[in-house]
Amino acid sequence: MNESPKLIIGNWKMNGLRGSAHQLTCDVVRRARSLPSDVQLVVCPPFTQIERTSRILRTRNVGDAILVGGQDCHMSYNGAHTGDISAEMLADLGARYVILGHSERRQAHGETDALIRLKVRAAMDAGLRPVVCIGETMHERQEGRAASVLASQIDGSLTSDFEGVLAYEPIWAIGSGVTPSRDELERTLYLLSGLLRSRLKKDDIRVPILYGGSVTPDQAHAILSIRSIGGVLVGNASLDASRFTQIAEAASTQFSSQPLSGPYSS
């Protein structure tokens with residue numbers, strides 16, 4: 001088993017006004033009280049709700065049981081970048097993590113591996129732990145190019161001294177309800193581990209590899225039972241405190257006796 005806690009990261013995306021973000025945070029805190037220490041929760045609200053979420057977590061005395069992250073940052077520390085947010089600004093609001101290179105940013109905003117690499121550097125310099133997303137499209141998968149695409153994204157997006165998290169989110173699975181089989185996911189995790197060792201040029205690689213892409217409570221235990229997986233990046237299900245904490249429960253070794261079901265069954 002992994003010695004480090006399994007990471008359960010919730011990406012709220014562009015969802016949450018003051019009232020709903022406050023309620024969601026309070027609900028997550030209440031439901032997470034009983035979670036064991038081998039699970040680490042991270043919630044990533046939109047920028048407008050980071051300070052509010054951080055403040056609620058401080059006043060509820062959750063310590064490091066639930067941490068806050070941002071959904072993106074600029075590559076520069078400051079300057080004339082209207083509408084952008086720096087990594088230092090995120091850290092100043094209480095963020096500890098930041099999601100970078102999500103497929104929605106790559107596709108809708110034209111973000112390249114080279115740009116993401118600069119953002120990774122800025123995030124680490126600000127004391128944030130970057131969560132770098134990579135993944136192939138259905139077309140690339142069908143052409144048998146998934147491995148080369150993932151290798152190119154890792155090589156282009158990560159710095160040689162990278163200290164963060166890698167999130168494998170196949171683009172064809174995000175929001176589709178379709179997921180890779182257990183064997184496919186295990187093979188991909190093995191591939192990514194090898195690519196990380198090659199890219200970072202050291203044997204002792206402490207970079208958790210997460211899976212993301214239509215993660216639901218029904219799938220969570222089977223996904224998280226894979227020994228080499230470091231956790232999951234959760235999208236839509238993280239907007240519901242009950243579903244989000246059910247996924248977190250599935251990550252704990254205390255719940256590992258549950259039977260496998262669904263597409264990840266042995």
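This is a predicted model: local features need pLDDT of at least 70, side-chain atom pairs count only at pLDDT 80 or more; totals for chains, interfaces and linings use all residues.
**Exercise 1. Cysteines**

Solution. 
Step 1. Buried means under 20% relative accessible area.
Step 2. A disulfide is a covalent bond between the sulfur atoms of two cysteines. The cut-off for a pair of cysteine sulfur atoms is 2.5 Å.
Step 3. For Cys44, the nearest cysteine sulfur belongs to Cys133 and is 9.5 Å away, and Cys44 is in no disulfide.
Step 4. Cys73 is likewise in no disulfide; its nearest cysteine sulfur, that of Cys44, is 12 Å away. Cys73 also counts as buried, because its relative accessibility is 2%.

**Exercise 2. Thr53**

Task: Locate Thr53 and state which backbone oxygen its side chain reaches.

Solution. 
Step 1. Thr53 lies in helix H2, residues 50-59.
Step 2. Its relative accessibility is 1%, so Thr53 counts as buried.
Step 3. The side chain of Thr53 reaches the backbone oxygen of Gln49 at a distance of 2.8 Å.
Step 4. Leaving aside residues up to four places away in sequence, Thr53 touches Trp12, Thr25, Val43, Pro45 and Val68.

**Exercise 3. Aromatic rings**

Task: Find which residues form the aromatic pair, and classify the pair by the angle between the planes.

Solution. 
Step 1. There is one aromatic pair in the structure. Tyr168 and Tyr211 form this pair, with 6.2 Å centre to centre.
Step 2. The angle between the planes is 55 degrees. Planes under 30 degrees apart count as stacked and those over 60 as edge-to-face, so the rest are tilted. The pair of Tyr168 and Tyr211 is tilted.
Step 3. Tyr168 is in strand S6 (residues 165-168) and Tyr211 in strand S7 (residues 209-212); the pair links distant parts of the chain, 43 residues apart.
Step 4. Tyr168 is buried, with a relative accessible area of 3%, and Tyr211 counts as buried at 0% relative accessibility.
Step 5. Another ring, that of Trp172, has the charged end of Arg141 over it, 4.0 Å from the ring centre.

**Exercise 4. Helix H10**

Task: Name the residue that caps the N-terminal end of H10, and list what the buried residues of H10 pack against.

Solution. 
Step 1. Asp240 is the cap: a side-chain oxygen of Asp240 lies 2.9 Å from the backbone nitrogen of Ser242.
Step 2. H10 covers residues 241-251, and its buried residues are Ala241, Phe244, Thr245, Ile247, Ala248, Ala250 and Ala251.
Step 3. These buried residues pack against strands S1 (6-11), S2 (39-44) and S8 (231-234), and against helices H1 (18-32) and H9 (217-224).

Notes:
Residues are numbered from 1 along each chain as its sequence is written. Side-chain values use heavy atoms; hydrogens and water are left out. Buried means under 20% relative accessible area, exposed over 50%, partly exposed in between (1.4 Å probe, protein chains only). Helices (H or I, at least four residues) and strands (E, at least two) are DSSP runs, numbered from the N terminus. Contact means heavy atoms within 4.5 Å. A polar contact is a pair of N or O atoms within 3.5 Å; within protein, one must be able to donate a hydrogen and the other to accept it, and residues adjacent in sequence count only if both atoms are side-chain atoms. Rings of Phe, Tyr and Trp (its six-membered ring) pair if their centres lie within 6.5 Å; planes under 30 degrees apart count as stacked, over 60 as edge-to-face and the rest as tilted. A charge sits over a ring if NZ of Lys or CZ of Arg is within 6 Å of the ring centre and within 35 degrees of the ring normal.
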